[in-house]
Amino acid sequence: MLAVDGIGFTIAEGETYGLLGPNGAGKTTTISMIVGILECDSGEVTIDGRAHSTKSVATKSLIGFVPQDLALYPDLTARENLRFFGRLYGLRGSALKAKVDEVLEVVGLTDRAAEPSGKFSGGMMRRLNIGVGLLNRPRVLILDEPTAGVDPQSRNAILESVGRLADEGVAVLFTTHYMEEAERLCDRVGIVDRGKLVAEGTRRELVALVEEQGRIVLRVDGDPASAVRALRTLPKIQQVSTGDGAVELLVADAGERLPSILQTTAQAGLTVRSVEVREPDLESVFLHLTGRALRD
Ligand SMILES: Nc1ncnc2c1ncn2[C@@H]1O[C@H](COP(=O)(O)OP(=O)(O)O)[C@@H](O)[C@H]1O
Ligand SMILES: [Mg+2]
């Protein structure tokens, strides 16, 4: 099986592009090839019209990369970590100090700068890790799941700082399996599933793919799979998927179809604990394109 199969996209200056897909879709593999950690069998990366490879110092210096796993020295303070990595980028003296101060400000850690990073919360460590990726004034910032496992406060701080960088003209590429995040932050979204880019566009363009289909989520007691067959036979049901105590349906005229959906579910022996009817969103698009829920 190919982990990544023919994924291609372009990101403009100041644009935020999100790769959205479930775990195992191929997001990290794609990013690793762009950054040059993994070699690709075929394909190419260009930055500013120039071919990029691991050997290309000129284009490498344009990229800021924030990996999914933290790369920090826990015994060093936030400031010391940034100074250390800043020196690796060739910064010295007052230029280094100014850059470190600026980055601390951007990631909101100025008042915690003197504390060892090992004592930080997961979210603060993640913010510091992003700070490292900003030291070389990148034109392209690449972040792999920057908010996974992060507390809501840090999550907001991260999303806000990423938004500000895009406003300053940085091209941002990030991966996420959170639909809300892609919807909130991205100018354009590429939906990735099983190593393929299955759709790409603005939120509006993508949601237009599902037209009038609403998404219904039933939380149930019992095995959700037992209702699937019967639900699929109902009219106007486009997709049915199950997982984690829930049945998820993509339905034309969702409100109107709800009573018969509830009845069919009850007849299959399931007790419905909650019902949610949602307007079309990126989650519906994913379900429509793949037949599966984003978070199975
Ligand atoms: N080092 C590896 N060796 C073999 N398979 C891998 C390796 N890394 C990832 N994979 C597989 O490649 C696919 C894509 O993984 P990944 O890019 O990490 O997905 P994502 O970041 O979207 O969660 C998965 O099926 C995963 O199991
Ligand atoms: Mg990943």
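The model is predicted. Of the 296 residues of the chain, 49% count as buried. Along the principal axes, the C-alpha atoms occupy a box of roughly 75 × 40 × 35 Å. The secondary structure comprises 11 helices and 12 strands. When contacts between residues at least 6 apart in sequence are taken, 70% of them join residues at least 24 apart.

The shell around ligand 1 consists of Ala3 together with Pro22, Asn23, Gly24, Ala25, Gly26, Lys27, Thr28 and Thr29. Divided by class, this shell contains 3 nonpolar, 5 polar and 1 charged residues. A polar backbone atom of Gly26 lies 2.9 Å from an oxygen atom of ligand 1. For the side chain of Thr28, an N or O atom is placed 2.8 Å from an oxygen atom of the ligand, and for the side chain of Thr29 the corresponding distance is 2.5 Å. Ligand 1 taken alone exposes 560 Å², of which the protein buries 47%.

Lys27, one of the residues surrounding ligand 1, is also in contact with Thr175. Thr175 is located in strand E6, which spans residues 171-176. With a relative accessibility of 0%, below the 20% limit, Thr175 counts as buried. Beyond its neighbours within four places in sequence, the contacts of Thr175 comprise Leu19, Lys27 and Ile31, as well as the run Leu143, Asp144, Glu145 and Pro146. With Glu145 there is a polar contact: a polar atom of the Thr175 side chain lies 2.8 Å from the backbone nitrogen of Glu145.

Helix H3 covers residues 78-88, and its buried residues are Ala78, Asn81, Leu82, Phe85 and Gly86. These residues lie on the same side of H3, because they cover an arc of only 130 degrees around the axis. The cover over the buried residues of H3 includes helix H4 (93-106) and helix H5 (122-134). Just after H3, Gly90 adopts a positive phi of about 90 degrees.

Definitions and conventions. Residues numbered from 1 in each chain as written. Chains lettered and ligands numbered in written order. Predicted model: local features only at pLDDT ≥ 70, side-chain atom pairs only at ≥ 80, totals over all residues. Heavy atoms only, no water. Near = heavy atom within 4 Å. Polar contact = N/O pair within 3.5 Å; in protein donor to acceptor, adjacent residues only side chain to side chain. Areas by Shrake-Rupley, 256 points an atom, 1.4 Å probe, with all protein chains shown as cover. Nonpolar A, V, L, I, M, F, W, Y, C, P; charged D, E, K, R; others polar. Buried < 20%, exposed > 50% of the residue type's maximum accessible area, 1.4 Å probe, protein only. Helix = DSSP H or I, 4+ residues; strand = E, 2+ residues; numbered from the N terminus. Arc of directions from axis to C-beta. Contact = heavy atoms within 4.5 Å.
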